[in-house]
Amino acid sequence: MSLHAEQSFSLPRLGGKSAVVLFIVVLIAFVVESQLTQYVQSTLHFRQPFFLFYVVHSTFALIFPLHLLFLVFTTPVSLEPLLAGLSLAIKIHYAPGDQQHLTTLRSPFPHVRFLKLVALLTLGYNCPSLIWFISVSLSSLSDITAIWNTNAFFTYIITVRIFKLGWETRKLFSVLVATVGVMAVVYGDAKMPAGTTDHRHRRRPEAALTPTAVVRNASESTKPTAPLVGDLLSILASVWYGWYQVLYKRHVALPSDPEFASAPGSVYVPLPDSESFAVADGRSEHAAAAAAAADDDLAYPPPFGLHPNLLTSGIGLMTFFAFWILLPILHYSGYERFRLPDSPIAILSIAGIAISGLVFNAGAMVLLGIWGPIVVSVGNLLTIVLILLSDVTIGQGVDVITPWNLAGSCGIMAAFGILVYDMIRQRTS
């Protein structure tokens, strides 16, 4: 039996239910991760930011097998067709454009290129967080956080240049509004009159704005030692992450991903390789898939999110086997003395951080391939609004609200709304 996507799976469309539900789940997962991290580091006094970073990012390895199990138990498709369809998609993905129609399940799998890609993704995803981790010991946390969250602005600039798009006033305005909203949230409270808010018991507004919720609060009480160097490192991390998002969409997302071909300029371009620099397009990719699916038992295109979750699991494995070396280095240098959690509640809380971090980061990778880097980078800033709401409902109540964080949150929501409207308008026009 040949399993075609239109018969077995309903791939999400831009603004479709699957993508929207996933986006909501991603935002909620970040709030849970952030709140638990705040609890572990502030209440339980387990301040091991790199250890938490390592645990969370290593946990990414679980998402692909969990996704496979979910599909096997909730769909009529067995494991073999799922893996066969995914394998075919990856083979076609890496095949030169003039050879895609010749690609079949019996074609050799590009093991070396795939491992190189996973290694590059691991560096691209982890290094900005590690650079941020270094920068917080050199400059003020507010400055570092504000600079980091300009990645939405850098993402738009890089997207325009990489995809050779024209400058769109609506998108540029939205990104600028979101960036100004972040600045208002981060810096606004510093301008409040003394005594307006009890800062000793208030949650830092930048807690939700860091590259990963577990790499923060590491040096809140540390006096900046080299603010210029720290700020420059934060700029590097922000630009790096912007590049990562754009290049992921450009080179890594499958041409069969929903809406890939509908966005102007979003033609897949293979990563440079000594064998070929050919450019693949959606037509040749689908032609190859049709030819292969006619004779083979497989689920093609892969179900929603399966390919990005495979890459996310690869990042988790690479992190687990490569980044552990930093634990003894940080320990013996005195920067972060290694210690394990010493209570059941701490262990359970860290497990909650890992699970919610897994959901957030895996979901963000899926959305990056569907919605693109601009919408995802601005959409991620909505976590600021949710963190504020969670502080109001389960934290310090309405006292946590100030004119600045309220105005900044409204600006971020407005910016995201404009971008979503722009996407829908382009799709229906």
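**Entry: K171**

I started with K171, a residue at 15% relative accessibility. Buried means under 20%, so K171 counts as buried. I noted that the model is a predicted one. Next I looked up where K171 sits. Helix α9, residues 169-187, holds K171. Then I listed the contacts of K171, skipping neighbours within four places in sequence. K171 touches Y156, L419, D422 and Q426.

**Entry: V40**

I moved on to V40. Which helix holds V40? I found V40 in α2, which runs over residues 17-43. Is V40 buried or exposed? Its relative accessibility is 0%, so V40 counts as buried. I then checked what V40 touches, again leaving out neighbours within four places in sequence. The contacts are H45, F46, S349, I350 and I353. I also looked up the pair V40 and P341. In sequence, 301 residues separate V40 and P341. In space, their C-alpha atoms are 9.7 Å apart.

**Entry: a nonpolar patch**

I asked next which helices supply at least two residues each. They are α4, residues 63-74, and α5, residues 79-94. The biggest giver is α4, with four residues.

L62 got its own check. I found L62 in the loop between α3, residues 49-59, and α4. The relative accessibility of L62 is 45%.

**Entry: the whole protein**

I ended with the totals. How many helices and strands are there? I counted 17 helices and two strands. The protein has 429 residues, and 55% of them are buried. V40 is buried, and K171 is also buried.

I then looked up how far apart in sequence the contacting residues are. I took contacts between residues at least 6 apart in sequence. Of these, 81% join residues at least 24 apart.

The protein exposes about 19000 Å². Carbon and sulfur atoms supply 69% of that area.

Definitions and conventions: Residues are numbered from 1 along each chain as its sequence is written. This is a predicted model: local features need pLDDT of at least 70, side-chain atom pairs count only at pLDDT 80 or more; totals for chains, interfaces and linings use all residues. Side-chain values use heavy atoms; hydrogens and water are left out. Buried means under 20% relative accessible area, exposed over 50%, partly exposed in between (1.4 Å probe, protein chains only). Contact means heavy atoms within 4.5 Å. Accessible areas come from the Shrake-Rupley method with a 1.4 Å probe; for residues, only the protein chains shown count as cover.
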